[in-house]
Every structure is written in structure tokens, then in C-alpha cells.
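Please consult the sequence and the structure alongside them.

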Amino acid sequence: MIHPELRYYDFGEGVTAFSSTRRGGYSEGNYGEFNINRYCGDKPESIAQNREALCDLLGISDDCLLMPHQVHLTEVVAIDEAFLNLSTDEQQQRQEGVDALMTNVSNVCIGVSTADCIPVLLFDAEHHAVCAIHAGWRGTVQRIVEVAVDKMKKAYHSNPQKMMAQIGPGISLDSFEVGDEVYEAFEKAGFEMLHISHHEEKWHIDLPLCNRLQLEGVGVPREHISVASDCTFRQPDTWFSARRLGINSGRIFTGIMLK
């Protein structure tokens, strides 16, 4: 069996965290090689083969590999025993319109799908809890990372000062060119524009930095936050980029699983 080539993140013992690259799967064309996103036009049989290969690598069954249908909002869903006891259809319905998952259940891989947007992983070793967040520019403006940290505090009594965070591969400041309306949305949301943006022919915004600053703002220490240096747009051989390939293309899966 072909296995996906993953970029692993070091959170220490008790957790596996990673982002999938394009390599090591069964999809073709703009979906090649590894894609498990059901909502971007890939062949169902290729997605099924890729999911099987990832589950084999992680040592879990397919029903323990969870990814929501994201809509660029701030809904966060907790994956608990009650959720896992739902039927497959009920689970999929519960994950509609969701942009972050969190859990304290072992051997369940939760993750989000991106192709230029910013994936963020959180790990609370003290309370054995994790979270996977999809932060596109809309989610970033709406401060989904802050929402997710608050949800973990309420659900698991997580202390942000003891959390670890990984900001995964996404589009870089230099490549993320935006119109005035996007710049104005960040400005109206209270972001310090001199710090997160610059202007060439158009505005550019630093989404990884925006999310790192949000984490710091809610108490996650800077030394606990790792930021991937990769740019999805500039490294098309390794990562999917919707800006480069169009929306009918594969997606990166950034996942995290408690052991």
C-alpha cells in the first residue's frame, strides 16, 4: 500500500500531529497525489484509497478519522463519546458548517482541510485535549483561534499558558494579495494593520502572523507557538494551493491525535 508523505510536528509524547503533503496517494491531476477532502471534486474511489492509506499509517479505523465540512465561520465541535456513538450520517450532519474540531478522546484523529488557508493545531498536555482549526482570512477576521481556545477552556479547563500550538503551512504575506475590502475587514476587526500588512500594487496580509498574535493575545506563550515557514502558493510541488490550482484541486489535511 502507498502511504502518504506527512510533515510531522513535535508536540512531545502523547500526541501525533502532522500536515499531509501532495505526495504518497492515489489521486490524480490537480488532486494528485494525496487528498481526502470530499468537497473539492476528487473521485470518491481515490479519496477512499487515500483515507485507507492514512488510517493504516496512523493505526486507526476509518471512523476515527474526522474532518468537518468547513464554511469559513467559527463553529467548533467537540468530539466526545456521545458523538462517536452517532451514526455516520448523524456525524456528518453534526460536522456541517464547522471550522474546528476538538477532543479529549484517544486514538481519534481530528483535522482540517486547507489549500492556502491557515491550519492551527492546539495541544493541552495537562488535560489531554487537542484542537484542529481552519483559519482562512474570514475565520481569522472573526478570530476563530480565540473562539477555539475559549471553547477548550470551558470544555476541558485548559490553561492557555500551558498550551502548545502549531501554525501549519499556508499562504505567506508576500503571496497573499488582497483587495481593499479584505484589508478593510481586518481593519474594522481591530487588527494592527501596520504590523500585519504591507502595500505594493495591492495590499498583502500576513495570515500566519494574525493567528499567532491571536494565540499570544489569549495567553499562549510565544515560545509555545511554532509557525511553519512554508508557503503553499510558492511550493506547489509539496503543498496544494487553491490560488494556483483553482478550487477544483486537492487539499492539505492537518490532523492531530491523542495516543
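This is a predicted model: local features need pLDDT of at least 70, side-chain atom pairs count only at pLDDT 80 or more; totals for chains, interfaces and linings use all residues.

Q: In what order do the six strands of the open sheet lie?
A: Strands here are DSSP runs of E of at least two residues, and helices are runs of H or I of at least four, both numbered from the N terminus. Two strands pair if DSSP finds at least two bridges between them. With mixed pairing, the order of the open sheet is β4-β5-β8-β7-β9-β13.

Q: Which strands stand at the edges of the sheet?
A: An edge strand has a single partner strand, so one side of it is left without a neighbour in the sheet. The strands in this position are β4 (76–79) and β13 (225–227).

Q: Which residue of β9 is the bridge partner of Leu121?
A: Strand β7 (residues 118–124) pairs with strand β9 (residues 164–167) in the antiparallel sense, over four bridges. Within β9, the bridge partner of Leu121 is Gln166.

Q: What angle does the direction of helix α5 make with that of β8?
A: Helix α5 (residues 144–156) packs on the sheet and touches β4, β5 (100–103), β7 and β8 (129–135), where contact means heavy atoms within 4.5 Å. Axes are lines fitted to C-alpha atoms, for helices over the stretch in contact, and angles run from 0 to 180 degrees between N-to-C directions. The angle between α5 and β8 is about 160°.

Q: How many residues apart in sequence are Glu5 and Arg23?
A: Their side chains meet in a salt bridge at 3.1 Å, N to O; the term requires a side-chain nitrogen of Lys or Arg within 4 Å of a carboxyl oxygen of Asp or Glu. Glu5 lies in the segment before β1 (6–9) and Arg23 in the loop between β2 (15–20) and α1 (44–58), so the pair ties together parts whose separation is 18 residues.

Q: Is Arg51 buried or exposed?
A: Arg51 forms a salt bridge with Asp62, the closest N and O atoms being 2.8 Å apart. Buried means under 20% relative accessible area, exposed over 50%, and partly exposed in between (1.4 Å probe, protein chains only). Asp62, at 40%, is partly exposed. With a relative accessible area of 5%, Arg51 is buried.

Technical notes. Residues are numbered from 1 along each chain as its sequence is written. Side-chain values use heavy atoms; hydrogens and water are left out.
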